[in-house]
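Good morning. Please have the sequence and the 3D view open while I talk.

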Amino acid sequence: MLYNEFGSKRYHSTMRGMESFMVRGGIKGSVSMALAAMLLLAACSGGGGGGSSAPSPAPGGAGSGGSGQSTPAPSASPSSAPEEKEPVTLQMVWWAPQTPEWQRMLDAFHEEYPWITVEPIQITNGVTDGIGQQVMESIAAGNPIDIFWNNSMDYVYESELYEDLTPWIENDPEFKSYPFKKGYLETFQIDGRQIGIPHSSDAFMVFINKDLLKLYGLEMPSLDWTWDDYRALAKAATNPDAGHYGISQEPNTEFFRWTYALLTVPYANGHAPNMGYMNEDWTRNLADGSVPEILDDLNLMHEILTKDGSMLNAARAEAAGLAGVDTWASGQSLLHLFITPGIPGFRNSLNFEWDILPMPAGKVRQANFVWINPWFMSRASDNKEEAWLFMKWWETNKEAQKLHMEIAGAFPNTDDPEMVEYFENLSIYDGLNKEALKRAMDTAAYDPTQTMIGGRDFANAYNGYYPKGAFEEVSAHDYFPAAMQDFNNKLKERLEKLKK
């Protein structure tokens with residue numbers, strides 16, 4: 001079944017954000033603004049994630065891609081000496097940038113397996129269906145891609161692009177012995193088959209300008225601060241005459257507040273049993289007007305924008321003389337929602353004192369939004385043994401995991417004390433509130449679209465609120481009922497098909 005205690009039927013969004021993940025001077029890759037806009041139009045343990053199950057897609061048969069044919073897996077890692085191996089080049093589609101930092105990962109693998117070279121290929125048509133298109137085009141050209149990152153397991157499953165990793169895991173004692181977080185691998189299982197495995201997880205944090213805290217006589221919030229505290233602090237630090245606003249006007253990432261942050265609020269307030277305002281068994285979205293309190297929760301950003309005035313949109317920023325200004329980078333805003341991989345870039349670029357906080361708690365629980373990102377082995381790969389070695393090395397080699405943490409600020413994939421301690425003591429976190437990182441890990445609530453049935457349709461539905469809410473100032477009460485009723489109809493059709 002599609003389940004887990006770690007990620008609770010989640011499917012990553014069909015896009016990594018409406019705007020680019022521009023990390024100044026930094027580490028993480030980006031999706032261009034034009035590509036992100038195209039995706040919107042076309043197109044992660046912790047007690048925070050919920051534990052109920054969603055109905056699983058119809059089984060496709062054992063083995064690769066539901067074809068009924070199982071690819072034999074090795075009984076263990078190849079034992080012959082490297083010099084006896086024929087050179088192999090693995091083609092991997094990913095969205096990490098072509099930078100020396102990320103190349104360090106590939107070079108480290110090559111040092112251990114010198115006969116295998118990993119050739120990274122950048123995405124060309126988007127991070128969901130577009131990657132699948134790349135994979136299929138490579139197959140048609142007779143040069144199949146071996147490994148690919150993709151933001152929609154739903155799409156990969158339906159398109160039968162994946163190699164079932166279950167036999168590879170079952171026949172690899174070393175992989176099986178690695179102490180993954182409880183439920184970590186199950187995040188990407190369908191009916192017990194391992195469709196993919198996570199390659200990383202990124203946490204959203206609230207970054208806070210300590211200079212503005214001091215200027216306005218405000219105290220640093222505690223780790224269990226609430227969304228009410230968030231709103232009150234934002235109002236207290238809003239001073240239009242000084243060009244100060246409580247919440248950042250950052251054109252490249254304001255999408256995060258209107259989508260990912262709002263995915264957590266009804267769940268944190270106890271008005272929805274699952275992330276993404278889904279019902280208990282993941283068969284209906286409750287923002288369809290059936291639960292008024294959920295619409296009140298989802299109206300949070302609209303009220304901060306239109307009632308409090310502590311957040312700007314493009315029109316209001318232009319009126320305030322701040323058109324296109326990144327008020328977080330310029331030190332003019334108190335609070336900024338961003339992901340942990342942004343920390344190295346902020347260290348290099350910000351000229352004011354700042355710190356980090358976990359995402360605020362609701363009335364019932366604290367839920368810190370985290371992405372858990374999958375990758376897949378192509379069922380058409382001609383180099384499956386080598387592809388498995390690479391994926392296994394990335395996931396279970398402690399030195400590889402440590403290097404990944406250094407490069408991307410990724411959260412540990414294990415509760416092994418050595419790895420958790422290493423993460424908490426990374427130099428990129430020196431001087432910051434490391435207890436906030438621990439709290440984020442402990443309250444991790446993963447993107448529900450990653451493993452739920454109809455994840456892409458849901459992502460399209462909730463992503464649509466960003467342009468309506470941010471630019472047209474449409475309230476959640478006016479947007480969500482119709483959008484989620486339409487989604488619920490699509491979901492019902494999907495579930496009925498899967499029963500047949």
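First, the ground rules. This is a predicted model, in which local features need pLDDT of at least 70 and side-chain atom pairs count only at pLDDT 80 or more, while totals for chains, interfaces and linings use all residues. Residues are numbered from 1 along each chain as its sequence is written, and side-chain values use heavy atoms, with hydrogens and water left out.

Now the overall make-up. The protein has 20 helices and 11 strands. Helices (H or I, at least four residues) and strands (E, at least two) are DSSP runs, numbered from the N terminus. Of the 500 residues in the protein, 62% are buried. Buried means under 20% relative accessible area, exposed means over 50%, and partly exposed is in between, using a 1.4 Å probe and protein chains only. The accessible surface comes to about 17600 Å², and carbon and sulfur atoms hold 49% of that. Those areas come from the Shrake-Rupley method with a 1.4 Å probe; for residues, only the protein chains shown count as cover.

Next, the strands. Strands S1 (residues 88–94) and S2 (residues 116–122) run parallel and are joined by 7 bridges. Two strands pair if DSSP finds at least two bridges between them. Tryptophan 94 stands opposite glutamine 122 in S2. Together with helix H2 (residues 100–112), S1 and S2 make a right-handed β-α-β unit. A crossover is right-handed if, with the strands pointing away from the viewer, the path from the first strand over the helix to the second runs clockwise.

Which strand has 13 of its 13 residues buried? That is S6, residues 197–209. S6 pairs in the antiparallel sense with S10 (residues 368–377) over 6 bridges, and isoleucine 197 has tryptophan 375 in S10 as its bridge partner. S6 is also antiparallel to S8 (residues 333–339), over 5 bridges, where isoleucine 208 stands opposite leucine 335. With S9 (residues 354–357), S6 pairs in the antiparallel sense over 4 bridges; there asparagine 209 stands opposite tryptophan 354. As a general point, side chains in a regular strand alternate between the two faces of the sheet.

S6 comes up again in the largest cavity, where it gives 3 residues, the largest share of the lining. On a 1 Å grid over the protein atoms alone, a cavity is a set of points where a 1.4 Å probe fits but cannot get out, and a pocket is an open set with protein on both sides within 12 Å along at least five of seven lines; lining residues have an atom within 4 Å of a point. Grid points are joined across faces, edges and corners, and a volume is the space filled by probe spheres set on the points. The largest cavity holds about 50 Å³. Its lining has 12 residues, and Tyr184, Ser201, Phe411, Pro412 and Asn413 lie nearest the centre. S6 and helix H15 (398–408) are the elements that give two or more residues to that lining.

How much space lies in the largest pocket? About 240 Å³. Its lining has 13 residues, with Trp227, Asp228, Asn269, Leu300 and Lys363 nearest the centre. By class, that lining has 4 nonpolar, 3 polar and 6 charged residues. Here Ala, Val, Leu, Ile, Met, Phe, Trp, Tyr, Cys and Pro count as nonpolar, Asp, Glu, Lys and Arg as charged, and the others, Gly among them, as polar.

The second largest pocket has a volume of about 150 Å³. Helix H5 (166–170) gives the most to its lining, with 3 residues. That lining divides into 5 nonpolar, 4 polar and 2 charged residues.

Helix H18 (residues 455–463) is largely enclosed by the rest of the structure, because 7 of its 9 residues are buried. Among the buried ones are Arg456, Phe458 and Tyr462.

Last, two loop residues. Glutamate 160 lies in the loop between helix H4 (153–159) and H5, and its phi is near 55 degrees, a positive value in a residue other than glycine. With 34% relative accessibility, glutamate 160 counts as partly exposed. Glutamate 473 sits in the loop between helix H19 (465–471) and helix H20 (476–499). Its phi is near 60 degrees, also positive in a residue other than glycine, and its relative accessible area of 28% makes glutamate 473 partly exposed.
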